[in-house]
Every structure is written in structure tokens, then in C-alpha cells.
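Please walk through this structure with me, contact by contact. Keep the sequence and the 3D view side by side.

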Amino acid sequence: MENYLVAMGVTAGIYALMALGVNLTWGMAGMVNLGLAGFFAVGGYATALMTKAGVAIPVGVAAGAVVATCAGAGVALVTARLRADYLAIVTLGFSESVRIVASNELWLTNGSDGIAGIPGPWRGTLSPGAFNLLFLAIVLLVLGAVVSMMQRLATAPFGRVLRALRDDEDVAAVAGKPVLLFKLKAFAIGAGVLGLAGALYAHYTSYIAPDIFAPLLTINIVLALVLGGVGNNMGAIAGAVILVALLEGTRFAAPLLPFLSAAQIAAMRELLISGLLLVILRVLPGGIVPERISR
Amino acid sequence: MAASLADVPQLVLNGLMSGAILAVPAIGLTAIYAVLRFPNFAVAAHATIGAFAGYLANTTLGWPLVPSALLAFLAAGVVGVVSDWVVLRPLRPAGLITATIASVALMIALENLVRLGSGNALRDYDLPILRDWRFAGVRVGPQQVEDLAIAAVAVAVLFGFLRFTRIGKAMRAVADNPMLAAIKGIDADMIAVLVNFVAMGLAGLGGMLIGLDTSIDPLTGFRALLAVFAAAVVGGLGSIPGAVVGALSVGVAEELSLLILPPDYRTVVGFLAILLVLTLRPRGILGARAY
């Protein structure tokens with residue numbers, strides 16, 4: 001049971017990281033990212049390939065974040081000048097394309113079977129319980145570092161400019177801010193945090209496959225953020241914790257519905273997540289911890 | 001595996017056929033964008049709903065193709081009106097991003113409602129297997145020709161409707177200038193309902209036509225989503241003739257990509273087309289005028 005709770009803690013930490021990354025691009029800069037699963041995948045695959053080739057794990061994780069940052073900069077570059085709806089389409093297209101490439105390039109990603117045996121820190125020498133605890137500590141450490149960075153960004157002039165261009169791009173431009181550059185930076189940093197989360201995930205579970213990066217992952221993270229409060233870093237973390245508790249809770253509910261097949265149980269779960277997101281958008285648009293505007 | 005240059009006429013023909021079918025849901029997507037100003041990802045789920053409605057009519061009730069296709073249009077159209085009225089309409093005032101994200105959530109919810117009823121099994125329509133026609137070195141299946149005819153009739157009826165009827169003119173007016181349309185007393189809610197019915201109906205019909213060629217499952221619509229968006233963006237998001245031009249271009253590009261790429265990469269071609277057009281000509285081939 002303790003082991004299970006620790007594992008849940010690691011998942012919640014990784015979800016919280018992703019929610020923080022999305023909060024920077026969507027919550028602060030007002031740019032939608034429907035392909036966040038794609039950036040998560042890019043980070044995971046990058047570190048999986050490198051560490052399996054003998055690179056040290058911290059280097060691989062850092063490389064995963066860098067590759068995802070570059071991918072984010074590329075996507076933002078194409079769409080920065082366009083309205084937000086194009087960004088929604090391009091990001092979704094990006095994540096689907098990553099999924100298709102990962103499913104088909106057998107020589108690189110081993111196709112839909114995925115990559116197994118990704119090394120974890122001291123996985124062989126520690127007992128599974130100790131490994132889980134160690135990884136929880138690592139995730140919390142990374143999460144703490146990213147949160148403090150995000151909080152700094154939010155109160156720094158950088159964050160204020162992002163919120164300004166979210167609320168009115170023209171006003172920010174008239175005030176002499178290079179709008180495109182700010183948007184590009186925000187999107188790239190956000191994508192980098194998603195890549196970092198993906199890299200941590202790969203080392204924790206030792207296995208990644210294209211299935212993991214389905215659009216539902218994107219909806220999960222959006223739900224976590226909306227639940228906690230878009231625009232607020234603490235809200236992002238709170239939302240991720242609640243979401244993981246909820247997802248795990250559905251595991252215990254499944255045996256109560258023995259007349260449903262496995263596919264139907266999965267469908268019920270996705271229905272619950274997407275339905276909940278729609279309800280929260282409607283009744284609690286500010287989330288549990290709404291954004292505080294400081295002056 | 002790889003196609004050779006000698007296959008080009010066949011590939012172009014196949015591309016035009018699949019492009020004509022793709023035009024049907026692409027018009028739906030672009031029409032909603034023109035009037036309600038947000039990219040409605042739920043078209044994918046409505047394509048799936050249409051495909052299943054047509055499937056049930058065709059196999060369980062034993063209806064022939066054309067009435068089944070009409071039912072696919074009606075079922076998806078009705079679901080489109082109801083789901084928009086209940087789910088998306090109240091969220092539109094919260095802004096573009098909220099409406100877009102809500103449409104993705106709606107897509108996943110509707111898809112899973114279908115899955116709840118049907119499971120993940122692949123299903124086939126009950127159609128006679130016919131021998132391909134051959135002339136001048138190219139092959140055409142009679143079924144493909146029938147699909148093409150249905151798509152062409154649907155598009156022609158839509159153009160006539162927009163051009164000649166009062167309601168069609170009102171729709172174009174709202175797409176063109178919502179404020180002026182409101183001043184002239186056009187009821188925006190009413191137009192939204194009509195657009196959703198017609199557009200999601202077209203998505204459903206398109207989903208069935210796409211499914212006729214292969215098999216259907218709850219992800220039928222989602223797999224076509226990128227191609228549908230590519231068609232709308234390439235032609236100019238919000239332009240109905242643009243969606244037709246864009247769909248034909250994307251259809252041909254997907255087929256010609258077989259010369260250099262394995263078939264699994266068809267979907268990526270749509271994404272590349274989107275990137276290319278947004279970089280070179282963001283307004284699309286025909287620009288953003290609705291009609």
C-alpha cells in the first residue's frame with residue numbers, strides 16, 4: 001500500500017510538471033497547446049535512446065528537455081503570427097505526427113511495441129520500494145526547482161509581459177514589447193518542461209510506447225490545470241494531485257461494474273474525464289485556486 | 001511496396017476520389033468556423049456517429065446505400081445541434097481557447113459514447129463486391145464512383161442552398177459580418193443551430209463515405225481529423241469553395257506521397273501541408289471569404 005501511494009505520488013509529480021509547463025504557455029501567455037502529449041513523447045524518446053546508448057541519465061533527461069524545447073520553438077515559429085486557433089490545429093497535428101513516426105520507425109523507436117528496459121537511477125541495486133522512494137524524491141526536487149522558476153517568471157517583467165499580451169496583444173506591442181519573441185520563448189520553455197516530464201516518466205516506468213501519448217493525455221493535463229486554476233502555478237499542482245487521485249479512484253470503481261467489458265470500462269473512464277472537463281469549464285472556470293492578479 | 005512513376009495517373013485519380021469525399025466533412029468544419037469562429041474538433045466524433053448510423057441502417061435494417069447515407073447525415077446533424085446547444089454554446093462567450101478545448105473534450109466524450117455501445121471491434125458495411133472497371137490503364141471501383149456521386153450531390157446541394165435560399169443567404173451574411181447581420185434582424189442563435197445541423201450532418205455523411213472504403217470503429221473520425229483540418233486550412237479556413245479545393249489538393253498529395261513515403265505516413269502529409277500553407281500563405285489558397 002505504501003508502495004502504491006509512493007507510485008501515485010510520482011505520477012502526480014510528473015502530471016504537476018506537465019501542468020506547470022502548460023500553465024506558462026496557456027495560463028500566462030494565452031497560447032493553447034493541444035499537442036502537449038507530443039512534446040512529452042519527444043522528451044521521453046530522446047532520453048530513452050540516449051541512455052540506452054550509454055549516456056548518463058541526468059544528461060539524457062536534460063537532452064530530452066532541450067529537444068522538446070527546440071520542437072516547441074519550431075511549432076511556435078510557424079504559428080506565432082497567426083490566431084490562436086491555428087496553434088490549436090498545428091499542435092494537435094504535431095503530436096499526432098510524433099505518434100505516427102514513433103509507431104512506424106522501427107529502427108529508431110521499435111514501433112508500437114515501444115522501448116523497454118530504459119535505465120532508472122540505481123534500479124538494479126535498490127529494492128523496488130526504495131527505488132520508488134528515491135524517484136519520488138527526485139521528482140519532488142525537480143518539481144520544486146521548476147515551481148520556483150515558474151514563480152520567478154510569473155512575477156518578473158517576463159511574466160508581466162506574457163500576461164499583457166495574453167490580455168491584449170496590440171497593447172503589448174504598442175508598449176514596445178517584441179510580442180513574437182515573447183510568445184516564442186514562452187512556448188519553447190513550456191514545451192521544454194513537458195519534455196522534462198516525459199524524460200522523467202521514461203526513466204521511472206522504464207518503458208515508453210506510442211500508446212501512452214494519445215490525445216487523452218492532453219485532456220488529462222488540461223483538466224488538471226482547469227481544475228486547479230488556469231494562470232496559477234499552485235493551482236496547477238493542486239489540480240494534478242486531485243486528477244491522479246480521481247484516476248486511481250476509477251480503478252477501484254471498475255470491479256463494481258462487472259457487466260461491462262474492458263473496452264467499455266476504458267470508455268467510461270475517458271467519458272468521465274472529458275465530461276468532467278466540460279462541467280468544470282462551465283461551473284468553475286477559475287478553478288479551485290483562481291489566478292491572483294498582483295499589482 | 002513503393003509506387004512507381006508509371007502509377008501517377010492512377011494515384012492522381014485515387015487522390016481526386018478520396019479528396020472529393022474528404023471535401024464533405026471539410027466543408028462542415030469550415031462552415032462552423034466561418035459562422036461561429038472557432039475550430040470545432042468535435043467534427044471527428046460526428047463523422048464517427050454518422051458512420052455508425054449509416055452502418056446500422058445498412059446492416060441491421062438492410063437499407064440500401066443512399067437512404068443509409070441520408071440517415072448518417074440526419075443522425076450526425078441532430079447530435080451536432082444538441083451537443084452544441086447543451087455543451088459548446090454556453091462556453092463560447094468564455095473565448096476562443098475555451099471553446100476549442102471544450103470541442104476536443106466533446107469529441108472524446110462522444111467517441112467514447114459510441115465505444116460504450118459498440119466496443120472496439122472493426123465493422124464492415126454490407127455491400128456487394130464488384131469488379132473494378134478499367135480504361136486507359138487506370139482502375140476504378142464502381143463503389144468508389146457511387147461514393148463520389150453522393151459526395152458531389154451533397155456538395156452541389158449545399159452550394160445551391162447557400163446561393164439561392166433565404167436561409168443560405170442569412171448564413172453567408174452572418175459569416176461575412178455578424179454585426180451587420182444582427183442589425184438586419186438575423187437571429188444569430190437560429191443561424192448557429194442551422195449551421196451546426198448542416199455542418200455536422202456533412203461530417204456524418206463524410207464519416208460514412210470514408211468508412212465505406214474500409215471498416216469503421218469509434219476512431220474512424222479521429223483518424224481523418226488531420227486530413228479534414230488540412231483540407232480546410234489549405235483552402236483557407238472559413239472558405240467553403242476553399243475547403244473543396246483544399247480537400248482535392250490534400251487527397252492528391254496524400255496519394256502522390258506514396259511515391260516516396262510508406263502508406264502509414266498519409267496522415268503526416270496532411271500535417272506537412274498545414275505547415276507549408278501556414279508558412280507560405282496563411283490565408284490558404286482561396287483566402288478567408290466564406291463563399
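**Salt bridges, rings and a helix**

B:Arg266 has 27% relative accessibility, so B:Arg266 counts as partly exposed (buried means under 20% relative accessible area, exposed over 50%, partly exposed in between, with a 1.4 Å probe and protein chains only). This is a predicted model: local features need pLDDT of at least 70, side-chain atom pairs count only at pLDDT 80 or more, and totals for chains, interfaces and linings use all residues. Residues are numbered from 1 along each chain as its sequence is written, chains are lettered from A and ligands numbered from 1 in the order in which they are written, and side-chain values use heavy atoms, with hydrogens and water left out.

What does B:Arg266 meet in a salt bridge? Its partner is B:Glu254, at 3.0 Å from N to O. B:Arg266 lies in helix 11 (residues 266–280) of chain B and B:Glu254 in helix 10 (residues 240–256) of chain B, so the pair ties together parts that are 12 residues apart in sequence. A salt bridge is a side-chain nitrogen of Lys or Arg within 4 Å of a carboxyl oxygen of Asp or Glu. Helices (H or I, at least four residues) are DSSP runs, numbered from the N terminus. B:Glu254 counts as buried because its relative accessibility is 7%. A network of salt bridges links B:Glu254, B:Glu255 and B:Arg266.

Over all chains, the structure holds nine salt bridges. One of them joins B:Asp84 to B:Arg92, with the closest N and O atoms 2.9 Å apart. Both B:Asp84 and B:Arg92 are buried. Another joins B:Arg223 and B:Asp217 at 2.4 Å, N to O. B:Arg223 is partly exposed at 46% relative accessibility, whereas B:Asp217 is buried at 10%.

Now look at helix 4 (residues 96–118) of chain B. Of its 23 residues, 19 are buried. Just after helix 4, B:Gly119 takes a positive phi of about 75 degrees.

Turn to the aromatic rings. Rings of Phe, Tyr and Trp (its six-membered ring) pair if their centres lie within 6.5 Å; planes under 30 degrees apart count as stacked, over 60 as edge-to-face and the rest as tilted. By this rule there are 13 aromatic pairs over all chains. A:Phe39 and A:Phe187 form an edge-to-face pair, 5.9 Å centre to centre with 75 degrees between the planes. A:Phe39 lies in helix 2 (residues 36–52) of chain A and A:Phe187 in helix 9 (residues 179–205) of chain A, so this pair ties together parts 148 residues apart in sequence. Both A:Phe39 and A:Phe187 are buried.

Key
Helix = DSSP H or I, 4+ residues; strand = E, 2+ residues; numbered from the N terminus. Expected span 1.5 Å × (residues − 1).
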